[in-house]
Amino acid sequence: MYNAVLHECRDYEYDKVKEIIKKSIDELGGIGKFVNKGERVLIKPNLIMMKAPDKAATTHPSVVRAVAELVAEAGGKTVIAESPGGPFNERMLKAIYSACGITDAAEKSGAELNYNTGTKDVSYPEGKLLKRITVIDELTKADKVINISKLKTHGMMRMTAAVKNLFGTIPGTMKAEYHLNRSNPDDFAEALIDICRYAKPVLNIVDAVVGMEENGPTGGSPRKIGALLTSTNPFALDIMCAYMINVPYTDVPVCVHAVERGLSPKSIDEINIIGDDISKFVITDFKAPKAILVNVTENLPKPVYKAVNNILQPYPVFNKDKCVGCGRCAENCPPSALKMKDKRPSFDKSKCIRCFCCQELCPAVAIDIKRPLFYRIFSSL
Ligand code: SF4
Ligand code: SF4
């Protein structure tokens with residue numbers, strides 16, 4: 001049986017959040033069970049891009065501050081670290097911490113903000129797909145990792161919560177390489193599971209007080225869910241999250257592969273949920289992302305597979321009026337399907353691997369997803 005805690009939390013009022021987080025961790029044995037005096041604890045929130053907390057794209061600073069304070073009370077030394085998409089440098093980190101309210105959360109809790117942009121290539125023989133992983137240096141220095149994610153929709157992976165959050169330990173633009181080498185959702189899910197297992201978080205918390213629906217993980221709309229979830233098992237939390245946003249786990253590649261590997265329960269019935277009744281938090285009309293891919297078998301010959309994908313799968317479209325010409329989409333497109341021309345992206349659909357990194361990283365929400373006619377026919381069958 002897997003253990004997890006779920007408590008209602010209707011807003012981000014700090015004292016209330018701290019009380020709920022403390023109670024949740026106590027129900028799993030108390031912070032002292034996970035953090036020893038003098039240990040360096042890496043808190044990994046989701047700080048995907050420069051977005052204010054009320055946009056619901058990033059972990060709320062109240063949750064990060066509460067966990068950092070509890071770690072300090074246990075005698076641990078917290079470092080808050082994230083490697084968002086795009087360049088991994090001090091200037092970018094400073095801007096993201098500030099925009100996401102994390103600078104303030106660190107000041108109030110006494111946590112350190114990570115500005116070490118070093119990377120390390122580590123051997124990981126236990127990995128199913130990844131036998132070597134390049135991660136941010138701080139991950140290798142930490143004694144413990146606490147993973148604090150946000151519940152959101154995700155174009156390529158359907159949903160992002162506990163497991164996918166640890167992809168943010170892969171340094172900045174190197175993420176593109178991981179996408180390019182594992183361009184279908186099943187392989188990418190296996191890679192995400194390997195990364196999560198390598199990071200070995202001792203505690204996982206999902207900020208589902210306000211999640212993101214529709215065009216997540218950055219361009220969607222905030223949606224109140226009203227819960228904080230905690231577990232030592234990130235895979236069980238993802239199963240609970242999928243249930244809460246009314247998505248069968250079989251539609252979430254990370255859940256499917258974690259179940260296949262025997263790491264995850266298949267349903268909430270296999271989880272001992274302490275706290276509130278999860279059924280009270282199910283949102284039956286949680287809006288799905290437009291970018292959900294159609295499952296095309298890879299057993300087809302490669303050129304046929306590529307051609308079928310090209311006419312069937314959704315693809316990004318660029319709103320030239322909203323675009324501010326920053327070039328982030330082109331800089332981070334894994335197969336270079338985008339090039340900047342006259343300060344606007346020019347798109348080569350035949351090269352696109354449908355990772356939707358461009359949409360995820362666009363600061364102007366200038367990228368929408370188009371569903372081709374065949375997609376609409378196929379998905380209504
Ligand atoms: S589409 Fe978005 S990411 Fe790309 S150049 Fe325009 S504003 Fe920047
Ligand atoms: S155009 Fe966008 S969706 Fe297509 S490969 Fe590039 S980043 Fe991914």
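A pocket is an open set of points, on a 1 Å grid over the protein atoms alone, with protein on both sides within 12 Å along at least five of seven lines; lining residues have an atom within 4 Å of a point. A volume is the space filled by probe spheres set on the points, which are joined across faces, edges and corners.

This is a predicted model, in which local features need pLDDT of at least 70 and side-chain atom pairs pLDDT 80 or more, while totals for linings use all residues. Residues are numbered from 1 along each chain as its sequence is written.

| Pocket | Volume | Lining by class |
|---|---|---|
| Largest pocket | about 920 Å³ | 16 nonpolar, 10 polar, 10 charged |
| Second largest pocket | about 170 Å³ | 5 nonpolar, 2 polar, 2 charged |

Among the 36 residues lining the largest pocket, Asn184, Pro185, Leu293, Tyr305 and Gln313 are the closest to its centre. Helix α12 gives the largest share of this lining, 5 residues; helices are DSSP runs (H or I, at least four residues), numbered from the N terminus.

The second largest pocket is lined by residues including Tyr124, Cys196, Arg197 and Phe235. Two or more residues of its lining come from each of α9 and α10 (234-244).

Elsewhere, Ile377 lies in helix α15. Ile377 counts as partly exposed because its relative accessibility is 41%, where partly exposed lies between buried (under 20% relative accessible area) and exposed (over 50%), with a 1.4 Å probe and protein chains only.

Definitions and conventions:
Chains are lettered from A and ligands numbered from 1 in the order in which they are written. Side-chain values use heavy atoms; hydrogens and water are left out. On a 1 Å grid over the protein atoms alone, a cavity is a set of points where a 1.4 Å probe fits but cannot get out, and a pocket is an open set with protein on both sides within 12 Å along at least five of seven lines; lining residues have an atom within 4 Å of a point. Ala, Val, Leu, Ile, Met, Phe, Trp, Tyr, Cys and Pro count as nonpolar, Asp, Glu, Lys and Arg as charged, and the others, Gly among them, as polar.
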